[in-house]
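I opened my notebook to record what I could look up in this structure.

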Amino acid sequence: MNAKGQDKMSTTREITLGDAMKEALAEEMRRDEDVFLLGISIRAGTFLYTKGLVDEFGGKRVIDAPLAEPGNFGVAYGAAQEGLRPVLDWMYAGFSYFAGSEVFLQSGQYHFLHGSQHPLPLTMIGTCGVGRRVGNEHATLPYGALIHHPGLKVCLPSTPYDAKGLLKSAIRDNNPVFFLWHTSLMATKGHVPLEDYVVPLGVADVKRAGSDVTVLASGLQLHHSLKAAEALKDEISVEVIDPRSFEPFDLDCLLRSVEKTSRLVIVDEDYERAGFAAEVCALMMEKGYDLLDAPVKRVCHPNMPIPGGYIDAYSMPTPDRIEAAIREVCR
Amino acid sequence: MIREMVMPQLAMGMSEGTIAEWAVAEGGRVEKDVILLSIETEKVVTDLPSPYRGYLHICAVVGTTVPVEQPIAQIAETEEEYRQLLASAKALAASGSPVAGMAPAVTAPAAVAAPAVSAPGRRQPVSGLAKKIAAQNGLELASLAGSGPGGRIVKRDVLAALASPASVAAPRTPAKAAGMREKARVPLAGMRKAIAERMLKSKTTAAHTYVFFEIDVTKLVAARKTILAREEELGTRVSMTAFYARAMALACRQVPIINSTLVGDEIIVWENVNIGIATALPGKSEYESGLVVPVLRDVGSKGVLEIDREIRRLVAAARDGSLTARDTADGTVTLSSTAGFMGGEWCVSTPLLNQPQVFNFQPGTPIEKPVVIDGAIVIRTMLPCGLSFDHRAMDGVPVASFNRKIADLLSHPELMVL
C-alpha cells in the first residue's frame, strides 16, 4: 500500500473523507438489511455523510433521535443485543460522555460479562479534534479514555481511503466499535476505489518511509507529521506511521519501524496525561527498550481544557512542534 | 524483527528450568504454536510451543539450566535477520560466553557489561540500543564517553569505539591448570539439582543425630524362607524391606512422634504412617546417579504381602519414570535400605533426613556373625542398622523406645501378625 493508502485496485477517483464515509454507510446498508442509522439530525445531515440517506433507505433505517444520549444509546444497545447492526451517530464524540456508563462500562464489556455468549455488533460514530475553534467538549478526542476500558475497538482514519475501509470493518465487526473521525478532515480529498474493500481494524499503515526517526500519528496529526517530515527531508529521514486503530493496536508495525530508526516521537492531539501516547511509551519500555537510542518524545495537547476560539492553534500539536520534537530526539 | 523466547514460569514455585531437547535445530524454521522444545523442571518434562514464526537461534543448549524469564532462544522473522543475528552472536562468542552452557543471546541481560561509571557517584546514562550493541560485541561501556544529550552513551559512541580495535575487551578464557584433562561435565540440573538443594538444606537446617545398632533377625530370615517356599502361590518373592516397613509402621504406632513432620514452629504428628521408600535410579551416564522416594501410603493398615506388592509397583514405576505426583507426596517417615550396597558386608551410614520428616531408618544387609548369647558364642544373622532423627523435634528417649520396639518386632516376627 502506498502513502496515499491505495491498494492494487485500479478504478479510483478522488472524493472527500465525508463522501467516503457516506459510501461506506450506504454500501453496508445495501449489503445487510440489519444495518440502520440512529442519531441527532442525521436525515438533514448536520455532517454531510448522512445527508440524503433517508431517501434511499427510508425513515425506519435512518432514524432522527432526540437530544437524549443515554436513551439513544439504549435503543442502539438493545437493537444490537437482539441481532440488528445499529450505527449510532453521536455527532460530536464528546457527547458520548453523556452516556458514560453505557459507552465505557457496558458496551465493551457486555459480551464478556455474559460468558461470551452474546455478540454486540454496535457501531458508534463521532467527530472530534482540535483546530476548529469549537471548544472543549466538541473538540475532545476520547480514544485514550475509550481504550482504557476493555472490550471497545476504536479507530480514527486520516484519509478517505482509510475512512471508508475502517467504517465498513466497524459495521461488519461483531464487537462494539467506536469510529472516530476528525472534524478538520471532513473535506480532505483522496483516492478511493470503486470496488468493495475493507481496512481491517488493528493494521497500522506506514504513510511515509524513513530511516532516522519514527513518528506515530493519526487523524489531523498524521497530516501535520507528514508536513514536518517533508520540511526536514534534507536533514532527517522521517518515517510516519498511522496506527489507524488504537484498539486493536498494531504494535508489531511500530516495533519494526523503531528497530530501523531507533527513535520515536508520538503525536497525540488528546490531553497528554495518561493518554494513548503514554500507553505507547509504556509498551515501548516493555517491548522495545533496547531498540531505542533516545528517550521517546510525546507531542500532545497540554493538560488543560481545549480552548475555544483562535487560541486552539497554539495548544494543539502543530507541524512546527512536531519538527522541534523530531530534532530533539535526533540530537 | 528478532524476538526473544524466555524460560516460562510454568508453576508458582518454578525458578528455573533445564533444556531437555530442541525439536528444531539451530537456524531451522519454526512455526507459531508448534512444539519447539522440551524443558525439564524438578519433577516433570514439558513441551513448549514456539510463540513466533521464523528462524531459530538457540541461546541455551540442551542441558543448560536457565532462570525463568531469561532468554533461551531468539526467533528471527526473516532469513536475512537470522544471518545478522548469527553474525553478532559469533562476535560475542569470540569474547567468551557469559554463562556456562549459554550460547550468546544478542539481548541477554547477563551479557551486558557492568554498570558504566564515568565519575564517582554519577551514573553514566546509556541508551538501551547502545547497551545492546555493546553487549553483542563484548565492549565494556565503562571505557566510553557519551556524546548524546547529558553525556548519554548512544549508538554512534559504541560504533566509534568498535571501529578502534584497542577498546574491545580481551577474550575471556576459563583458566585451566596445566596437565588437567577433563573427562566429562555433568550439569547440576533437573533431578540432580533438586537433590543437591534438598540435601544441603536438610544437612544445614535439621539437627541430625545418628544412632547405630544391630538387630538379631535369625528368626525373621528363617520365617522369610518359609514364605519364599510359597513364592509361586503368593505370586511374589516377599522382600525383607516389606517386613521392615511393617515393623516400622507398628513401632510408629507405639511411638507416634517418630512419624511426624516439622514445619516452621510446629511439629505435626501424623495418624497415617506413609513410608517413603528411598529408591536408587540409574543415571543418564556412567557419571550420574539418581534417587526418588516413592511413598507407601497407610502402611499401618496393610499386611506384609500387600506392602511387598505395593513396593514392587512403586519401584517399577520409579525406574520406568511413570511415578505420579501422588506417588511421591505426603511421606511421613523414610525407610532407606542399603541392603546389597557393600556386597553383603557389614555397613551402616549416616542418612540425611527427607524434610520435613524427622526420622530416617536405614537397615543394611543381614549377615551371619558370632554373638554372645547366655555366655556362649553362637552364630546369628544380624542386621546392622543406622538411623537419623531431628533433635529439634524429639530427644533420645522416644528414639530408644522406637529402637527397642522395632528390634523386638524384627527379632520376633511372629509379633508382626498381631
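**Ground rules**

I am working with a predicted model, in which local features need pLDDT of at least 70, side-chain atom pairs count only at pLDDT 80 or more, and totals for chains, interfaces and linings use all residues. Residues are numbered from 1 along each chain as its sequence is written, chains are lettered from A and ligands numbered from 1 in the order in which they are written, and side-chain values use heavy atoms, with hydrogens and water left out.

**Chain A overall**

I looked up the make-up of chain A and found twelve helices and 14 strands. Helices (H or I, at least four residues) and strands (E, at least two) are DSSP runs, numbered from the N terminus. Of the 331 residues in chain A, 58% are buried. Buried means under 20% relative accessible area, exposed over 50%, and partly exposed in between, with a 1.4 Å probe and protein chains only.

I noted that chain A exposes about 13100 Å², of which carbon and sulfur atoms supply 52%. Such areas come from the Shrake-Rupley method with a 1.4 Å probe, and for residues only the protein chains shown count as cover. I also looked at contacts (heavy atoms within 4.5 Å). Among those in chain A between residues at least 6 apart in sequence, 80% join residues at least 24 apart.

**The cores**

Which residues touch the most other members of the largest nonpolar core? They are A:Leu254 and A:Leu264, in a core of 94 residues. A nonpolar core is a set of buried Ala, Val, Leu, Ile, Met, Phe, Trp, Tyr and Cys residues joined through side-chain atoms within 4.5 Å. Helix H1 (residues 17-31) of chain A gives the most to this core, seven residues. Domain 1 (12-193) and domain 2 (205-329) of chain A both contribute residues, so the core lies between them. The domain bounds come from an automatic or database domain assignment.

Apart from this core I found another, of 52 residues, including B:Phe213 and B:Phe389.

I then listed what A:Leu264 is in contact with, leaving aside its neighbours within four places in sequence. Among them are A:Val213, A:Leu254, A:Met284 and A:Val329.

**Helices of chain A**

I checked the length of H1(A). At 1.5 Å a residue, its 15 residues should span 21 Å, and its end C-alpha atoms are 21 Å apart, which agrees. The expected span is 1.5 Å times one less than the number of residues. The buried residues of H1(A) include A:Leu17, A:Met21, A:Glu23 and A:Glu28.

In helix H9 (residues 251-261) of chain A, the buried residues include A:Leu254, A:Val258 and A:Thr261. What covers the buried residues of H9(A) includes strand S13 (264-271) and helix H10 (276-287). Just after H9(A), A:Ser262 takes a positive phi of about 65°.

**Helix H4 of chain B**

I made the same kind of check on helix H4 (residues 190-205) of chain B. Its 16 residues should span 22 Å at 1.5 Å a residue, and its end C-alpha atoms are 22 Å apart, which agrees. In H4(B), B:Gly190, B:Ala194, B:Ile195 and B:Ser202 are buried. They cover an arc of only 125° around the axis, which puts them on the same side of H4(B). The arc is that of the directions from the helix axis to the C-beta atoms. The face turned away from this buried side carries the exposed residues B:Leu200 and B:Thr204. Cover for the buried residues of H4(B) includes strand S2 (16-22) and strand S9 (208-216) of chain B.

Most residues other than glycine have a negative phi, and most peptide bonds are trans. I therefore wrote down the exceptions I came across.

- A:Glu247 and A:Pro248 are joined by a cis peptide bond, with omega about 0°; A:Pro248 is in the loop between strand S12 (245-247) and H9 of chain A.
- The bond from B:Gln355 to B:Pro356 is also cis, with omega near 10°.
- A:Arg244 has a phi near 65° and is buried, with a relative accessible area of 3%.
- B:Asp33 has a positive phi of about 70° and is exposed, with a relative accessible area of 55%.
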